[in-house]
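In this notebook I record what I looked up about aromatic rings and nonpolar cores.

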Amino acid sequence: MTRIVALLQRILPRGSGAVGGWLLVSGLGAYGFLTVAAKAVGTDNYGALSALWGLGFLVSTGCFLPVEQELSRALSDRNARGLGGAPVVHKAAAAAAVVAATLSVIALAASVPLVDDVFDGQTLLLVGLVLMVWSYA
């Protein structure tokens with residue numbers, strides 16, 4: 001077993017274990033949430049809630065992960081050059097706010113089909129989607 005760990009440490013970039021571990025925690029958390037939610041809201045309402053969960057993470061991850069990755073790259077670059085990170089953090093925050101505002105406007109513009117067809121008539125789930133987007137931003 002120690003040989004496998006040593007091999008993985010040579011092959012994988014530093015920090016891969018932490019990232020993988022947190023992805024596992026995130027996946028287990030999502031599974032736990034959806035399992036508890038299914039029992040709490042019942043089968044009739046579970047479809048709309050799981051649609052919110054899936055759509056929220058699809059949109060949020062797809063739109064904000066590039067901002068997060070570019071921020072990480074820029075901070076690493078500035079750190080290597082002995083510069084502070086505040087300017088890039090401010091730019092990334094502004095970019096994330098613009099993206100979140102744009103997604104909110106799109107969600108509100110598409111509110112009728114979203115509420116009727118995706119969220120089974122539950123308007124609060126649309127509010128939840130907008131809150132998810134802003135929270136992820």
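**Entry 1: Aromatic rings**

I began with the rings and noted that ring pairs link Phe33, Trp53 and Phe57 into a cluster. The model I examined is predicted. I then looked up the number of aromatic pairs in the structure, which is 3. One of them joins Phe33 and Trp53; this pair is stacked, at 4.4 Å centre to centre with 20° between the planes. I also looked up the pair of Trp53 and Phe57, which is tilted, with 4.8 Å centre to centre and 50° between the planes. Trp53 and Phe57 both belong to helix 2 (residues 16–80), where they are 4 residues apart, about one turn of the helix.

**Entry 2: Accessibility of the cluster**

The cut-off for buried is under 20%.

**Entry 3: Nonpolar cores**

I next looked up the largest nonpolar core, which has 13 residues; among those with the most contacts inside it are Leu52, Ala107 and Phe119. Helix 2, helix 4 (111–118) and helix 5 (123–136) are the elements that give two or more residues to this core. Helix 5 provides the largest share, 5 residues. For Ala107, I set aside its neighbours within four places in sequence and found contacts with Leu114, Leu126, Leu129 and Val130. Finally, I noted a second, separate core of 5 residues, including Phe64, Ala96, Ala100 and Leu103.

Definitions and conventions: Residues numbered from 1 in each chain as written. Predicted model: local features only at pLDDT ≥ 70, side-chain atom pairs only at ≥ 80, totals over all residues. Heavy atoms only, no water. Phe/Tyr/Trp six-rings, centres within 6.5 Å; stacked < 30°, edge-to-face > 60°. Core = buried A, V, L, I, M, F, W, Y, C linked by side-chain atoms within 4.5 Å. Buried < 20%, exposed > 50% of the residue type's maximum accessible area, 1.4 Å probe, protein only. Contact = heavy atoms within 4.5 Å.
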